[in-house]
Amino acid sequence: MKSKGMAGCLNHAMIDNVQAKAAQAVADHFGEPGFDDITKAYIDQRYEGYSEENQETWRTLFDRQMGYLDEHASETYLAGARAIRLVREHIPYLDGTKSINHFLRQLTGWQSKAVPGYLPAKSFFACLARREFPTTVVIRAKEDIDYLPEPDIFHDIFGHVPLHADPTFADFLQTYGKAALLTDDPFHTERLARLFWFTVEFGLIREGGRVKLYGSGLISSPGESRHALASPDVDRRPFEMERVCDTAFEIDHFQPILYVLDSFEQLKDAMNSYAQRLLSSRAGTGSMQPAAS
Ligand SMILES: [Fe+2]
């Protein structure tokens, strides 16, 4: 296992600057006095920092996964990828008229915001509550193409962002962020982490009688995606909110348990119910509302 600071994992030169260090400090201290504006954790993409080798890495990752996904990913994911103009030719732009954000804004109002690195949980939830997705801008090194110790732009954008173009998933994710930001109860914090894991990161969905991929950890990983659909060792269970929240997950090997949605409406409705329960348990103290349906 490599550690975060080891050379050769990600192109860290892109985030080795004063702006990124200041933004990371905001993310690390968010919620403390003087650190209440999460947008100060955002940075510029600094697109010129990508090398030709970085661009080649993007094309390689895109090419070896998109052909498989055409057959095996949720139609909602594929339609979203087309809608935000996700292409093999270049690492996505976050700003400007050719950016994924340009198209996302018109579809659901979600935006992807560049961040300098790992965000603590509350900072991450604060972004989601604003319909903003904190996005790693750096990309893994060519020599580490199959080894990803931490998210990079391929995982964060290729894996996550196409679903943000879908109005139902978009509302679900914002409500999730609001609920997770609101709760300080460790019991619910753990349950919400499990929900995120088994849906946003590793979710499956039934479409046209077939099980398809939508979780970013599956979408962005050739090994994990094929294992998720084909391995006889995977227990694929129908999505049921309470059961998902009761299921512990493991992070260092292929997932032995996955949950299969019937529809994204099912996920949104279950999240809205959970959020309402959290809200009523804090009656008089919270101001959270689920995203508009
Ligand atoms: Fe992720």
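A nonpolar core is defined here as a set of buried Ala, Val, Leu, Ile, Met, Phe, Trp, Tyr and Cys residues joined through C-beta atoms within 7 Å. A residue is buried if 20 or more other C-beta atoms lie within 10 Å of its own, exposed if 12 or fewer, and partly exposed in between, with C-beta atoms placed from the backbone. The model is predicted: local features need pLDDT of at least 70, side-chain atom pairs count only at pLDDT 80 or more, and totals for chains, interfaces and linings use all residues. Residues are numbered from 1 along each chain as its sequence is written.

The largest nonpolar core has 77 residues. Ala23, Ala41, Val115 and Tyr176 have the most contacts inside it. H7 gives the most to this core, with eight residues. Tyrosine 176 is in contact (C-beta atoms, placed from the backbone, within 7 Å) with Leu128, Phe196 and Met271, leaving aside neighbours within four places in sequence.

Confidence was examined through pLDDT (the predictor's confidence in each residue, from 0 to 100). The average is 92, and 92% of the residues score at least 70. Residues 1–8 stay under 50, and the model has seven contacts beyond four places in sequence for them.

The protein has 12 helices and six strands. These are DSSP runs numbered from the N terminus (helices: H or I, at least four residues; strands: E, at least two). Of the 293 residues, 44% count as buried. Among contacts with a separation of 6 or more, 64% join residues 24 or more positions apart.

H12 has 18 residues. Its first and last C-alpha lie 26 Å apart, close to the 26 Å expected at 1.5 Å a residue (1.5 Å times one less than the number of residues). Buried in H12 are Phe264, Leu267, Lys268, Ala270, Met271, Tyr274 and Ala275. They cover an arc of only 165° around the axis, which puts them on the same side of H12. The arc is that of the directions from the helix axis to the C-beta atoms. Ser273, Arg277 and Ser280 are exposed on the other side. The cover over the buried residues of H12 includes H3, H7 and strand S6 (257–261).

In helix H3 (residues 75–83), Thr76, Tyr77, Gly80 and Ala81 are buried. Their arc is only 135°, which puts them on the same side of H3. Their cover includes helix H7 (167–182) and helix H12 (264–281).

Methods. Two residues are in contact if their C-beta atoms, placed from the backbone, lie within 7 Å.
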